[in-house]
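Here is a short report on one protein model. Look at the structure first, then read on.

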Amino acid sequence: MKKRKPSRRIILKADWEIQKLHAANQIVAEVLLMLRENLQQGITTYDLDRLAEEFIVAKSAVPAFKGYRGFPATACISINDEVVHGIPSPKRVINAGDLVSIDVGAVFDGYYGDAALSTVADGVNNPEAETLIKTTRDALYKGIEKVKKGRRLGDLCYAIQHHVESAGFEVVKQFVGHGIGRSLHEPPEVPNYGRPGTGPVLKKGMVIAIEPMVSAGSADVRVLSDGWTAVTADGSLSAHYEHSVALTEGGPLVLSELKQDS
Ligand code: MG
């Protein structure tokens, strides 16, 4: 969930730093599952945001998005045609069957966690949304599979794009994933499209947030007058999934994955 800018140096992390990143990301993962359980008809996105903030603070962590470039809340909650960066509001009520994307960041002991999921609110049958969500989540894992020593960043970017486009959907290109560590956004940028064999070589100690944003129609997005909420230009449904992933000696370690969600 980051606007594009030129790449800088990639900061490799020591094993002890990856442990700290794991701890921060586990808090984020717990928040996301807690919010998903509370995603019922009638709750407002403001209520959900309060729950997220209380949970993070109770874990002795700090919301990472609140105040980031002026973002006013703990969670980004984006509904239906909203792609990312939806601002929680007491006026925004969740309806059963809404496609809801929730993105949360937390800082714990100086290290950042960042992850997102999409789901259909209140267990309503919504096949179009469910197909889009499954494709987005599967695309994320296709990318994660490519997080291996000696591969290049473009390999994982291509894997995401290929999976999404094979399913007849489009990846959003105006926002990208990112490195993560002692800052929320570090190099490299991690686009959801690319060419195999291009980009930086993946090395042990790299930690990246991979976050496909997928549209059921046009992938063009525009930002609403609140300065944050990105919506699909044609009003199509959109889904978002994100994990923070470390490249370890044993391969990719999904820092923001809870055992119960795998
Ligand atoms: Mg992110």
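Contact means heavy atoms within 4.5 Å. By that rule, and not counting residues up to four places away in sequence, Ser-78 touches Val-83, Val-84, His-85, Gly-86, Leu-99, Val-100 and Ser-101.

This is a predicted model, in which local features need pLDDT of at least 70 and side-chain atom pairs count only at pLDDT 80 or more, while totals for chains, interfaces and linings use all residues. Residues are numbered from 1 along each chain as its sequence is written, and side-chain values use heavy atoms, with hydrogens and water left out.

**Ser-78 and His-243**

Ser-78 sits in strand S2 (residues 75–79). His-243 belongs to strand S14 (residues 243–248). Strands (E, at least two residues) and helices (H or I, at least four) are DSSP runs, numbered from the N terminus.

Both residues have side chains that make polar contacts. Such a contact is a pair of N or O atoms within 3.5 Å; within protein, one must be able to donate a hydrogen and the other to accept it, and residues adjacent in sequence count only if both atoms are side-chain atoms.

| Side chain | Partner | Distance |
|---|---|---|
| His-243 | side chain of Ser-256 | 2.7 Å |

Are these residues buried or exposed? Ser-78 has 2% relative accessibility, so Ser-78 counts as buried. His-243 has 4%, so His-243 is buried as well. Buried means under 20% relative accessible area, exposed over 50%, and partly exposed in between (1.4 Å probe, protein chains only).

Leaving aside neighbours within four places in sequence, the contacts of His-243 include Asp-114, Tyr-141 and Glu-257.

**The magnesium ion**

The magnesium ion is coordinated by Asp-114 (OD), His-178 (NE2), Glu-211 (OE) and Glu-242 (OE), at 2.1 to 2.5 Å. Asp-114 lies in strand S5 (residues 111–120) and His-178 in strand S7 (residues 177–179), so this pair ties together parts 64 residues apart in sequence. Donors are N, O and S atoms within 2.8 Å of the metal (3.2 Å for Na, K and Ca); water is not among the atoms, so sites may look incomplete. Asp-114 is buried, at 0% relative accessibility. His-178 is also buried, at 0%.

**Two helices**

Helix H1 covers residues 15–37 and helix H2 residues 45–58. Residues of H1 in their contact include Ile-27 and Met-34. On the H2 side, Leu-48 and Phe-55 are among them.

Definitions and conventions. Axes fitted to C-alpha atoms, helices over the stretch in contact; angles between N-to-C directions.
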